[in-house]
Amino acid sequence: MSISQDEWPPGVTPPPSGEDLPYDDGEPLESNRHALQQILLREVLEHAWAGRTDFFVGTNMFLYYSSLQFKKNDFRGPDVFVVLGGTERRDRKSWVIWEEDGRHPDVIIELTSESTAGEDRGRKKHVYGALISVPEYFIYDPVSGALEGYRLQSSSRSYVPITGPAPPLRLGCEALGLELGVWQGEYDGFPGAWLRWFLPGGAMLPTREEALAAAERERVAAEERARQLAERLATYEQRFGKLPDIG
């Protein structure tokens, strides 16, 4: 359980609160596509789980995992992370583990590039696995569309690759009961390969806009079916007479 700043014993300096910790490093994202990919992953989950309050999706947000390490400027800023269960859906500047009853992300996704690939597969991978114990870690290249995933082995606190079809276009995300896959399509006016959430072995989770568009298409299709049925009925009655009322 977390302890508030005023509950610490006399003489013991409490760790800093989230309000006191830096939450913006001023560094721009790699590209516009990286920024849009973050938004896409977050908005789809928030739409799919709109009726839930026990989750949090962070994008480009600092993750403070040790009240000691922060003094060494040793914290991370995952591109996307998800905490499911044991938390609440509210605004935060950073995810500060010692203020969240010890809850750490269940899934972290890094959007890699040529300049960050070494860090994403090296130091970050070690920190997320050995130091924070994040159950699943995914690395996605928004430019090439390459996806790789890792699942934590509790015995060794190290990651092993998540296997999938060859080439691995969809990988299981057991922590969330979903899959991550590469979808070729258009998002926010930009065509290309996008990382998306899927139901296990099933359909892709839509954005709110996609869901509204699908509902509108179904409405139009239903109206067309009704129109065609009415036309067939009118043609039949012209040839054979009006059908008798039933009931």
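1. The structure holds 17 salt bridges, a salt bridge being a side-chain nitrogen of Lys or Arg within 4 Å of a carboxyl oxygen of Asp or Glu. The model is predicted: local features need pLDDT of at least 70 and side-chain atom pairs count only at pLDDT 80 or more, whereas totals for chains, interfaces and linings use all residues. Residues are numbered from 1 along each chain as its sequence is written, and side-chain values use heavy atoms, with hydrogens and water left out.

2. One of the salt bridges joins the side chains of D120 and K124, at 3.7 Å from N to O. Both D120 and K124 are buried; buried means under 20% relative accessible area, exposed over 50%, and partly exposed in between (1.4 Å probe, protein chains only).

3. R151 pairs with E136 in a salt bridge whose closest N and O atoms are 2.7 Å apart. This pair links distant parts of the chain, with R151 in strand β7 (residues 147-153) and E136 in strand β6 (residues 136-140), 15 residues apart. Helices (H or I, at least four residues) and strands (E, at least two) are DSSP runs, numbered from the N terminus. E136 is buried, with a relative accessible area of 2%.

4. In helix α4 (residues 208-240), R219 and E223 lie 4 residues apart, about one turn of the helix. Their salt bridge has its closest N and O atoms 2.6 Å apart. R219 is partly exposed at 39% relative accessible area, and E223 is partly exposed at 47%.

5. A network of salt bridges links E88, R90, R92 and E100.

6. L233, Y236, F240 and L243 make a nonpolar surface patch of about 380 Å². Patches are made of residues with over 30% relative accessible area and no salt bridge; like charges are joined within 9 Å, and nonpolar side chains (Val, Leu, Ile, Met, Phe, Trp, Tyr) within 5 Å. Accessible areas come from the Shrake-Rupley method with a 1.4 Å probe, and for residues only the protein chains shown count as cover. L233 lies in helix α4 and is partly exposed, with a relative accessible area of 38%.

7. Two backbone angles may be noted. D101 has a phi near 55°, a positive value in a residue other than glycine; D101 sits in the loop between β4 (95-96) and β5 (107-111) and is partly exposed at 49% relative accessible area. S133 has a phi near 65°, again positive in a residue other than glycine. The loop between α3 (123-131) and β6 contains S133, which is partly exposed at 21% relative accessible area.
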